[in-house]
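Here is a short briefing on a protein model. Look over the sequence and the structure before reading the points below.

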Amino acid sequence: MSQWVCSPIKGQPVGEIHAVSLNRGDPVAFKVPDGKIYLEASIKFSVVRREVDIYGHPVGSSERFKVSTRGYMYSVMSSDEEEQIAWHWHPDSASDVKFPHAHIGTAALNPEGLLKKKDHLRTGRMTFESVVFNMIQWGVTPRNLNYEEILEANQVAFDKWKSWG
C-alpha cells in the first residue's frame with residue numbers, strides 16, 4: 001500500500017510552498033488486463049489564510065485557512081517505464097509553459113500523427129481524483145466499489161473551494 005508523504009514543514013506553514021509525493025516519489029504499480037501500469041504523483045501546495053470567501057463575505061474560524069494547490073505532476077507509465085500520459089502544472093518552474101497541460105507519451109503516439117511527445121496540450125486543472133478515474137477506465141480495479149461516489153464527492157469539495165479553473 002502506498003501513502004502520500006509531505007515535505008518537512010518548519011515553522012509557520014501559512015504562505016510557504018510545501019509538497020506531497022505518492023510513495024516517496026517511487027512509481028506505484030497497478031494491474032491492468034494486459035499487465036501493469038505505474039503511477040508517479042506529486043502535488044505542491046500552500047496553506048492560505050482567508051478573511052473573506054470568494055463572494056467577499058467574512059469567513060468563520062473553521063473556514064479561515066485553506067489549502068491551495070500550487071502545482072502538480074502526475075505521470076502514468078507502462079511496464080517498461082515508458083510514459084503513456086502525464087499531466088503537469090508547474091507555474092513556478094523555469095519552464096516557459098505555465099498553464100496546466102498534458103503530455104502524450106511516445107508509446108501512445110503514431111509517427112504520422114499530429115501530436116508529438118514534447119507537445120503541451122492545454123488542459124484545465126487536473127485533480128488526483130481525475131487521474132484515478134482515468135486509471136480505472138484503463139482497467140485498474142478499484143479497491144472500493146463505491147469509487148464513483150467517492151471520487152465525485154472529492155471533486156465536488158475541490159470545486160467548492162477552488163479559487164480558479
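D159 is partly exposed, with a relative accessibility of 35%. This residue belongs to one of the three salt bridges counted in this predicted model.

**Salt bridges**
- Side chains of opposite charge can pair when their charged atoms come close.
- K162 pairs with D159, and their closest N and O atoms are 3.5 Å apart; K162 is partly exposed at 27%.
- Salt bridges with shared partners link R49, E51 and R64 into one network.
- In the bridge between R49 and E51, the closest N and O atoms are 2.9 Å apart.
- R49 is partly exposed at 45%, and E51 is partly exposed at 42%.
- R64 also forms a salt bridge with E51, with 3.9 Å between the closest N and O atoms.
- R64 and E51 both lie in the loop between strand 4 and strand 5, so their pair ties together parts that are 13 residues apart in sequence.

**Helix 2**
- Helix 2 has 15 residues (147-161) and should span 21 Å at 1.5 Å a residue, which agrees with the 21 Å between its end C-alpha atoms.
- Y147, L151 and Q155 are buried in helix 2.
- Seen down the helix axis, the buried residues of helix 2 fall within an arc of 55 degrees, so they line one face.
- Helix 1 (128-137) is part of what covers these buried residues.
- The face turned away from the buried side carries the exposed residues E149 and K160.

**Strand 2**
- S21 lies in strand 2 (residues 17-22) and is buried, with a relative accessible area of 19%.
- Beyond its neighbours within four places in sequence, S21 contacts Q3, W4, V5, A41 and S42.

Definitions and conventions
Residues are numbered from 1 along each chain as its sequence is written. This is a predicted model: local features need pLDDT of at least 70, side-chain atom pairs count only at pLDDT 80 or more; totals for chains, interfaces and linings use all residues. Side-chain values use heavy atoms; hydrogens and water are left out. Helices (H or I, at least four residues) and strands (E, at least two) are DSSP runs, numbered from the N terminus. The expected span of a helix is 1.5 Å times one less than its number of residues. Buried means under 20% relative accessible area, exposed over 50%, partly exposed in between (1.4 Å probe, protein chains only). The arc is that of the directions from the helix axis to the C-beta atoms. Contact means heavy atoms within 4.5 Å. A salt bridge is a side-chain nitrogen of Lys or Arg within 4 Å of a carboxyl oxygen of Asp or Glu.
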